[in-house]
Structure formats: structure tokens, C-alpha cells
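Open the model in your viewer and keep the selection panel at hand. The stops below are given in the order in which to select them.

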Amino acid sequence: MELYGWGRYPRQQACLVLPLSVTQCADTLKRNAPLIAYGLGRSYGDSALADQVMGMRYLDHFEAFDLQSGVLTCQAGASLDAILRTFVPRGWFLPVTPGTRFVTLGGAIASDVHGKNHHGEGTFCAHVQQLDLLLGNGERVTASTTENTELFHATCGGMGLTGIILSATLQMKPIVASSIQQTTVKAPNLESVLEAFAEHASTTYSVAWIDCITRGKALGRSLLMLGEHATDGQLTVQTKPPTPVPFDLPADLLNRFSVQTFNTLYYGRIRQAVSQQRIAFEPFFHPLDAIGQWNRLYGKPGFVQYQFVLPQAAGVAGLREVLSRIAESGRGSFLAVLKVFGPANANYLSFPQAGYTLALDFKAEPAVLALLDELDAIVLYHGGRLYLAKDARMSPATFRAGYPNWQAFEEVRGCWHAHGKFASAQSRRLGLL
Ligand SMILES: Cc1cc2nc3c(=O)[nH]c(=O)nc-3n(C[C@H](O)[C@H](O)[C@H](O)COP(=O)(O)OP(=O)(O)OC[C@H]3O[C@@H](n4cnc5c(N)ncnc54)[C@H](O)[C@@H]3O)c2cc1C
């Protein structure tokens, strides 16, 4: 079948096997290696694509849950959506959630995903107590921060290249109500939004929507959304299914004019400098999940998401340089999302480092790919890197410069029988074995 990630670029003919049990996983690996695991395909590019792909979505059983401590063990194909629907009514929330809940536990670990609370609570894997992994030689091992430590740090953020994650044990977070107390701060430009982030550094969740079309004094004008779990109210989950985009929209519907109009309306809809409201957790954490298959908005050619991080010291100047280059090119992004990261962790290929991260969407077209090459140079110059879960096009040189631990990662893979057994279109493009 034809397989693709969330950006629908690139596309690949693949043989997809969907095991129903751990035994079938091991069998599939024996017969079809080299292969790569596929969760729910919410990575944007080619990290879950290969000729041979093992779909993990049917290994989705909950294995154990301690209602007192909030420690959950479940199979790696369980979605974060299923975990939230089951445990929010019982007063437990995910410690970290990405901007969509339609990802698997295995995918969240393999990308070591971050949420709106990285500055205070780190990545997803900081809350993983242990994981159960199927190795390239067919053996099963447990890895944690105290057992097979190097394998654990290579698997967390390792993009499926160390083995198949079969299950994991996760510390959930207690909540007393499911809604979020949201504060929105209107920031007229880039400097003011970074100041606002700093001023609200003790807030649990923070994220800014940023207008990257407007130039001049208003470059980087933003809406900063801050959130805290409500301390009273009910424990509920929304049951309304997403409204689908029924077909691929024409690719030229998104142009400078339509994006600018959207950005002006979106920024202008908030009138006060600071406003407050109580909202359900779903629109706060996962606003796009309300629209099914929203990736069709970019038309058949698909789109690329470009997410980079810049170290704090380089942040303001570097962000200004990137945003100015995008504004000059006239190729804007509907969704430009800015977050502040806390310190990096010990996982070899984990993306976050202390500083600022910006995620932007672009139509997949030759001129955009050339623009992104220019942006890569700016990001690397400032000591930053690109996020592998969003990547569909970075060069091996950009990867190596951004991820200096790549050789140590390869050594761990070698020791644990991964070479020649696990490979994706992305790992081949990046020159990994
Ligand atoms: C709307 C949207 C918002 C997003 N927001 C964020 C965000 O805020 N923060 C963030 O960090 N990410 C974000 N993402 C990216 C997403 O969280 C990651 O790409 C995540 O890895 C996707 O999980 P998946 O189950 O769909 O995995 P897939 O996309 O299918 O696979 C991703 C990687 O995980 C590997 N993998 C999957 N399952 C396993 C397994 N069982 N064993 C070993 N390897 C496995 C694959 O081989 C691949 O390398 C967002 C994505 C979307 C579409």
C-alpha cells in the first residue's frame, strides 16, 4: 500500500504488517527485517516509512494500573487518546502530551515528545519508568534508567531504530478537575512575547501562536496561551467526534493572501491585552484534533513541518533572523507555534535543549525546500537543531551537526543487534546504518 506520515510528504509503497500479539511481532521481525515500527502515523515526514513496516496499533492493551500511585503499564500501540479517555475520569492525566492525542505510547517514546510544560516537567520519557523492547535478534529486554541504561537512553527519542517497543510503564499525573484555567496574553512583537514567557516561567503550561507573515515592528506578534489544571469542577472527557475535512483542498488555496487574512483575524479576535477563561483540556492541549484529517487542507502534494530549537543565548537574534527570512519569502505558515524548552536530557537523539522552539508548516514545493535549506544554515549557525519527528528532508550533514551524539547512538545500536534490522526512509536518508 501507499504509506505516508501526517504531512503526506513523502509517500512510499510499503508492505504493512499488523501483528495482533507479541509472538506475531517477533515472527514479523524474523521474516521481514529490516523494518520500522509504525504507530498512528502522526510524525510528519518519513521516520515511520520503509519498504517493510510493522504497524503497532493492535497491541493496545492496558496491562496494569495502580489507582493509588497512578503508575500505568500498557502496550505500546495504545493511543494517548485511549489513555486520557480511560484515566481522566479517574483523576489521572498524562504527565506530558504533544499537540495531538492521536499518537501511540510507542510513538511518543520513540520521538521523546514534548508538550507545553517542557520548561518545568521535561519530555515524555522523563516519566517513563521502564520499557519492554523486542531486539533485532528476537530477544526481549527491559530497559530503564537503572537497567540497560544505554539502551533506554537510545530508545527514548531513538525513532524506532533500536527495536520494537512492546510496552512501557508510565507515571501519570494527579488532577482534581479536567478543565484548564487559561490566560491569553497578547504580545505585539517577538521581544514582548519572549519577555512574557520569562515573566510567566512558573506557569505549568505555556505556548504561543505566532504570526510569521507580518514584517517590521510587528514581526513575531503573538498570542501567548498559559494554562493550569483547574482546582475544582468535574472530571470529564469530550465525546464529540472530530469534524472531518471531506476531501483534499486545492493546493493553491493556501497563499500569502489567505494566510495573512487568517493571521490578522486570529490575532484580532482577542481584544484585551490579557484575558482569562476556563476551557476543556482538549481544546487547550489538542486544538487541531477537533478537525479530522486537517492535513488535507494543504492539498494533494502535502506539506512539511519545520520545527527547530535555538539555544537560549542565541534565541532572540536567531528567531528574528528566521522569521525575517520567512516573511521576505512570502511563504507563510498558518500554524507557527513557539514554546520555551528547559534543559536537555540524557537521551542520545532527544530534540529539546534549553531555549526556544518554533514549529512552522509549509506547502511541499521545490521553492519551499530551497528556503528550508537556508533556514537550516541559520539554525545550525546559532547552535540549534531540527526535530526528527517532523523532518522529511534534512541532510546527513545537518543531522550530524545538530545531534553530536549520533555516533554514540550508532554504537549502542550496534551492541544491541539493531543494525540491519531496523531502518526507516529517514534513517537511510540521514546516513545511519
Ligand atoms: C497535530 C500534531 C501535533 C503535534 N504536536 C507535537 C508536540 O507538541 N510535541 C511533540 O513532541 N510532537 C508533536 N507531534 C509529533 C508526534 O507527537 C510524534 O511524531 C509522535 O511520535 C507520533 O506518534 P505515532 O504513534 O503517530 O508514531 P509514528 O508517526 O507512526 O512513528 C513515529 C516514530 O516512532 C517510531 N515508533 C512508533 N511506534 C513504535 C514502537 N512501538 N516501537 C518503536 N518505535 C516506534 C516510528 O518508527 C517512528 O520513528 C505532533 C504531531 C501532530 C500531527
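Start with Phe308 and show its side chain together with that of Leu386: Phe308 stands opposite Leu386, a residue of strand 22. This is a predicted model.

Next, colour strand 19, residues 303–311, and strand 22; the two pair in the antiparallel sense over 2 bridges.

**The ligand**

Now select the ligand and the 35 residues around it; Ala37, Gly39, Ser43, Thr104 and Tyr387 come nearest. Colour this shell by class to see 19 nonpolar, 13 polar and 3 charged residues. Which elements each supply at least two residues of the shell? Strand 4 (36–38), helix 3 (105–110) and strand 11 (164–171) do.

Then show backbone atoms and check three distances to oxygen atoms of the ligand:

- Gly99: a backbone N or O atom lies 3.0 Å from a ligand oxygen.
- Gly107: the distance from a backbone N or O atom to a ligand oxygen is 2.8 Å.
- Met159: a backbone N or O atom is 3.0 Å from an oxygen of the ligand.

Taken on its own, the ligand has 960 Å² of accessible area, and the protein covers 98% of it.

**Backbone details**

Most peptide bonds are trans, and most residues other than glycine have a negative phi.

Select Tyr9 and Pro10, which are joined by a cis peptide bond with omega of about -5°. Pro10 sits in the loop between strand 1 (2–4) and strand 2 (11–13).

Go on to Ala33 and Pro34, where the peptide bond is also cis, with omega of about 0°. Pro34 belongs to the loop between helix 1 (22–32) and strand 4, and strand 4 is one of the elements that supply the ligand shell.

Finish at Asp112, a residue other than glycine whose phi is positive, near 40°. The loop that holds Asp112 runs between helix 3 and helix 4 (118–121).

Definitions and conventions:
Residues are numbered from 1 along each chain as its sequence is written. This is a predicted model: local features need pLDDT of at least 70, side-chain atom pairs count only at pLDDT 80 or more; totals for chains, interfaces and linings use all residues. Side-chain values use heavy atoms; hydrogens and water are left out. A residue is near a molecule or strand if one of its heavy atoms lies within 4 Å of it. A polar contact is a pair of N or O atoms within 3.5 Å; within protein, one must be able to donate a hydrogen and the other to accept it, and residues adjacent in sequence count only if both atoms are side-chain atoms. Accessible areas come from the Shrake-Rupley method with a 1.4 Å probe; for residues, only the protein chains shown count as cover. Helices (H or I, at least four residues) and strands (E, at least two) are DSSP runs, numbered from the N terminus. Ala, Val, Leu, Ile, Met, Phe, Trp, Tyr, Cys and Pro count as nonpolar, Asp, Glu, Lys and Arg as charged, and the others, Gly among them, as polar. Two strands pair if DSSP finds at least two bridges between them.
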